[in-house]
Amino acid sequence: MASTEAVVAGYRDVAAFSAAVRGLRETGVAPRIYSNVPLEELEEGRSKVLLFALVGAIVGGSSAFLLAAWSAKAYPLITGGMPLIAGPPVGLVTYEGTALGAVLATVLGVLLEGRLAGGSPPPEQVSTLLGDGLHVLEVAAEGEAVVALLDDADRVFGLATDAADEPDDEAS
Amino acid sequence: MIADASEALAVEDAAGELVEKLTRPRPRLMAFTAVMGLVALLLPLCWIYQIREGIGVAGINRPVFWGLYIINFVFWIGISHAGTLISAILRVTQAEWRRPVTRLAEAITVFSICVGGLFPLIHLGRPLIFFYMLPLPNDRYLWPNFRSPLMWDVVAITTYLTGSILYLTLPLIPDLAILRDRFRGEGGWRSRLYRILAMGWQGTQRQWRALHAGIGILAVVIIPVAVSVHSIVSWDFAMSKVPGWHSTIFGPYFVVGAIYSGIAVLLVAMALLRWGLALSDVLTDKVFSNLSLLFVAMAIIWGYFTYAEHLTTWYGGGEAEERVHHALMGGGFGQLFWLMVFLNMAIPLAVLPFRWGRKPIPVTLVGLCVLVGMWLERLLIVVPSLSTPRLEYTVGTYSPTWVEIGIFVGSIGSFVFLYLVFMQLFPIVSVWEIEEGRHGEH
């Protein structure tokens, strides 16, 4: 992969950081943002984790219902005068299965959407800044205009990065 | 302007101070952990003895077939409501003061379910055939009977344990990444451990967005699961015709008791952590005061349920129920019953409504009283009803043996040991949530 130069800037002040990110976005540059805290004011796009949860709930609930109903028929044993497939107990098992499916699918959704499964930690320089409690942005060095937007940063330095590791398109 | 990142920053950040405080090695704490580890050994040792010798070494016998094991099962599962439920409710309602409390509450949940979940297995007598309760394909084509309330327990507790572990670990990931970054240059097992567990967390907005959504969904899902778990535990009792158990309010009564004992253990843990880790700037008096007010509310609700339960029994005048009622009010269990009322109602209501009573030390003492009181409540639900059954010729009593007491003490040791190990490996206070709160203030 060809190497391109990127600029990494670390900010202690959230307001300055947010202003820099917005400034870059206004110039059409999509910086990759790293932070130890969530910055909701900079969030773009919507999460699909809820969709995972809903699908997981449906799959979990259906599976639990089928398990409870089918296993009762597979070994037919009348208990307490109840029908083989009695509403309340099957309902309870279905309820728990729904919750379990939703929980597992939610975590799966977070792992996939956040690209956590098999993901790699940030570059060492970024990690150093994060370790010092700074908010960090990484942007391809596309001239003085971009670098000038990073004036308020506490730390700024150059970073060699692979073309395959282009900044995240947060707007996607 | 472009400089080398390897130059250390002189200014230390607040999060860094907190991380340093939480991860600093403490020899005395490690020694205490080792002692608790030894106490915890009582559980496996006594259990192995029981497996070798048979369930007869326990004090349970006709007519009291449920003893200390089931009492402790209900007690520990009740305590588990400290974390997931309280943390989830506070998250969903966006209570700002939750931030220092959530992680330490969630850890209580996970370890108390782990310990509490062992008791039904211990009570089985033959724990090696536990897998009969799992829906596994087998050559006899025999499946678990899901119409049994005991099977509901298996399903609900499995769901609750899974959900609680994930609810603890998901918000832990950003803090693991903070630790990974801080220990990066040091090498060693801690560095490797955090690198693996952080799973490549970078703190990008995409990741935060996914995490926020995930935590929000888990918080909403876990609340009804927690309610269902203790309702189902109560239905283990209420679905039978045993006098004193066959009650329609047992579900909510158990849930309220669980939350009440959960808050008690949470307050005690908070006070010990504040003192032990010097966290008075995070676990502030305000946090204690707010949780204490919730505690008072739960004390009143618990008292109301207890009164309603006994009033109905007394007024109904059923013969078998009356015998249990009299045993509790002034009979063989009278002293324990009134001690329970004193510990669970009189003390909290005498102390917590006052400002001085909501400081860490009095709150901790009240919390300990309530823990003892709630354990007595479980004892008084299980034993009096079984020892005065409908058929009077089987009347009997129960006293635990050293094996049961050893397992009980070992369970306390196991819980404390697991908790101490966790807090020495991971931040027991959610660093990123504290930081998020600080940013919100500015």
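Reply: A salt bridge is a side-chain nitrogen of Lys or Arg within 4 Å of a carboxyl oxygen of Asp or Glu. The model is a predicted one, in which local features need pLDDT of at least 70 and side-chain atom pairs count only at pLDDT 80 or more, while totals for chains, interfaces and linings use all residues. Residues are numbered from 1 along each chain as its sequence is written, chains are lettered from A and ligands numbered from 1 in the order in which they are written, and side-chain values use heavy atoms, with hydrogens and water left out.

Between chain B and chain A the count is one salt bridge. E113(A) forms a salt bridge with R209(B), and the closest N and O atoms are 3.8 Å apart. Nine residue pairs are in polar contact between chain B and chain A, both residues being at pLDDT 80 or more. A polar contact is a pair of N or O atoms within 3.5 Å; within protein, one must be able to donate a hydrogen and the other to accept it, and residues adjacent in sequence count only if both atoms are side-chain atoms.

Four helices of chain B, α8 (149–169), α9 (173–182), α11 (205–238) and α18 (431–441), each supply at least two residues of the side that touches chain A. Helices are DSSP runs (H or I, at least four residues), numbered from the N terminus. The largest share of this side of chain B comes from α11(B), with 18 residues. By class, the side of chain B that touches chain A has 34 nonpolar, 14 polar and twelve charged residues. Here Ala, Val, Leu, Ile, Met, Phe, Trp, Tyr, Cys and Pro count as nonpolar, Asp, Glu, Lys and Arg as charged, and the others, Gly among them, as polar.

The contact, meaning heavy atoms within 4.5 Å, takes 60 residues from chain B and 77 residues from chain A. The size of an interface is often given as the accessible area lost when the parts come together. Between chain B and chain A the buried area is about 6200 Å², of which carbon and sulfur atoms give 64%; this is the accessible area (1.4 Å probe) that two parts lose on being put together, summed over both.

Some individual residues follow. R115(A) has a positive phi of about 55 degrees although it is not a glycine. The place of R115(A) is the loop between α3 (87–113) and α4 (124–131) of chain A. With a relative accessible area of 47%, R115(A) is partly exposed, where buried means under 20% relative accessible area, exposed over 50%, and partly exposed in between (1.4 Å probe, protein chains only).

In chain B, A278(B) also has a positive phi, near 55 degrees, and is a residue other than glycine. A278(B) is found in the loop between α12 (250–276) and α13 (285–316), and is partly exposed at 45% relative accessible area. The peptide bond from R62(B) to P63(B) is cis, with omega near 0 degrees, and P63(B) is in the loop between α3 (42–53) and α4 (68–79) of chain B.

S87(B), by contrast, lies in helix α5 (residues 84–92) of chain B. At 1% relative accessibility, S87(B) counts as buried. Apart from its neighbours within four places in sequence, S87(B) is in contact with A82(B), T102(B), E106(B) and Y167(B).
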